[in-house]
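Dear colleague,

Please find below the structure I said I would pass on. My notes follow it, arranged by region, for you to read alongside the coordinates.

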Amino acid sequence: MKATEVLKQVKNILGVELSDIQLAELKLENGTVLEAEVFETGKEVFIKTEDEKVALPVGEYELEDNRILVVEEEGMIKEIKAQEEKEDEEKEEDKEEMRYVTREEFRKEMDELKDMVEKMMKPKDKEEMSSDLQEQVSLAVTEVLESETKEKEDLKKELSKPAAEPLKHSPEQEKSSKGFQFAKNRRMSTLDRVMEQIINK
């Protein structure tokens with residue numbers, strides 16, 4: 001027996017008819033059916049399925065009528081609000097994010113920054129900084145030039161080496177046969193002939 005059948009039997013025994021209890025239904029944008037006694041703040045809300053009711057998880061849900069159902073505690077409605085407010089807020093944020101700086105605004109900001117830097121620096125500091133800058137630039141240039149000359153020298157050394165060692169001619173050497181013979185005066189058997197062939201090659 002299923003839970004729904006047991007529930008029907010209990011209701012029949014108690015004399016409560018199923019038609020007496022009617023729950024309000026609303027559909028989400030994706031087609032899911034929600035049930036509640038009344039869709040108001042603080043009321044319980046469930047997802048309607050064939051077998052049982054499931055408490056609606058925490059989150060924001062868009063209804064078919066473009067309202068938003070907010071659930072902060074599982075199965076409890078916090079509020080139902082219109083979607084237009086949310087869209088207006090998103091549009092305002094998008095406008096602020098999408099706005100580009102004009103050339104005049106950029107120039108004005110850059111001039112202000114330059115003025116602030118100049119006010120912070122004293123004339124002596126400017127002279128010291130300019131001499132320090134010149135020294136750093138000259139050091140950087142000499143380092144770059146030295147590294148370039150070193151790379152050129154290394155490249156010349158590499159290119160001056162032969163690509164590969166020259167090949168030497170090494171003709172095959174003739175084999176010297178020592179001519180071992182087993183039992184010179186004896187008549188040669190098959191084994192003797194085989195051994196002579198092996199040794200003399």
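**A buried aspartate in the last helix**

Asp192 has a relative accessible area of 10% and therefore counts as buried, the limit being under 20%. Please bear in mind that the model is a predicted one. Asp192 lies in helix α5, which covers residues 190-200. Beyond its neighbours within four places in sequence, Asp192 is in contact with Arg186 and Arg187.

**The chain as a whole**

The protein chain contains five helices and seven strands. Their order along the sequence is α-β-β-β-β-β-β-β-α-α-α-α. Of the 201 residues, 10% count as buried. The chain exposes about 18600 Å², with carbon and sulfur atoms supplying 52% of that area. Where contacts link residues at least 6 apart in sequence, 25% of them join residues at least 24 apart.

**Helix α1**

Helix α1 is formed by residues 3-14, 12 residues in total. From its first C-alpha to its last it reaches 17 Å, close to the 16 Å expected at 1.5 Å a residue. Gly15 follows α1 and has a positive phi, near 90°.

Strand β1 (residues 24-27) runs antiparallel to β2, and four bridges join the two. Within this pair, Lys27 stands opposite Val33 of β2. The two strands make a hairpin with five residues between them, and Gly31 in the turn has a positive phi of about 100°.

On β2 there is also a pairing with strand β3 (residues 46-48), antiparallel and made over two bridges. Here Leu34 has Ile47 of β3 as its bridge partner. Both faces of β2 are covered: Val33 and Glu35 are buried on one side, as are Leu34 and Ala36 on the other.

**The sheet of β5, β6 and β7**

Three strands form an open antiparallel sheet in the order β5-β6-β7. Because β5 (59-62) and β7 (76-82) stand at the edges with a single partner strand each, one side of each is left without a neighbour in the sheet. From one strand to the next, the twist averages 25°.

The antiparallel pairing of β5 with β6 (residues 67-73) rests on four bridges. Tyr61 has Leu69 in β6 as its bridge partner. In the loop between β5 and β6 lies Asn66, a residue other than glycine with a positive phi, near 65°. Asn66 has a relative accessibility of 46%, so it counts as partly exposed.

**The nonpolar core**

Which residues of the largest nonpolar core touch the most other members? Among its 13 residues, they are Leu34, Phe39, Val45, Leu56 and Leu69. The elements that give two or more residues to this core are β2 (33-36) and β6.

Apart from neighbours within four places in sequence, its contacts include Leu34, Phe39, Leu56 and Leu69, which are listed with Val45 among the core residues that touch the most other members. Val45 is also in contact with Glu35, Ala36, Ala55, Val71, Gly75 and Ile77.

With kind regards

Key
Residues are numbered from 1 along each chain as its sequence is written. This is a predicted model: local features need pLDDT of at least 70, side-chain atom pairs count only at pLDDT 80 or more; totals for chains, interfaces and linings use all residues. Side-chain values use heavy atoms; hydrogens and water are left out. Two strands pair if DSSP finds at least two bridges between them. Axes are lines fitted to C-alpha atoms, for helices over the stretch in contact, and angles run from 0 to 180 degrees between N-to-C directions. A nonpolar core is a set of buried Ala, Val, Leu, Ile, Met, Phe, Trp, Tyr and Cys residues joined through side-chain atoms within 4.5 Å. Buried means under 20% relative accessible area, exposed over 50%, partly exposed in between (1.4 Å probe, protein chains only). Contact means heavy atoms within 4.5 Å. The expected span of a helix is 1.5 Å times one less than its number of residues. Accessible areas come from the Shrake-Rupley method with a 1.4 Å probe; for residues, only the protein chains shown count as cover.
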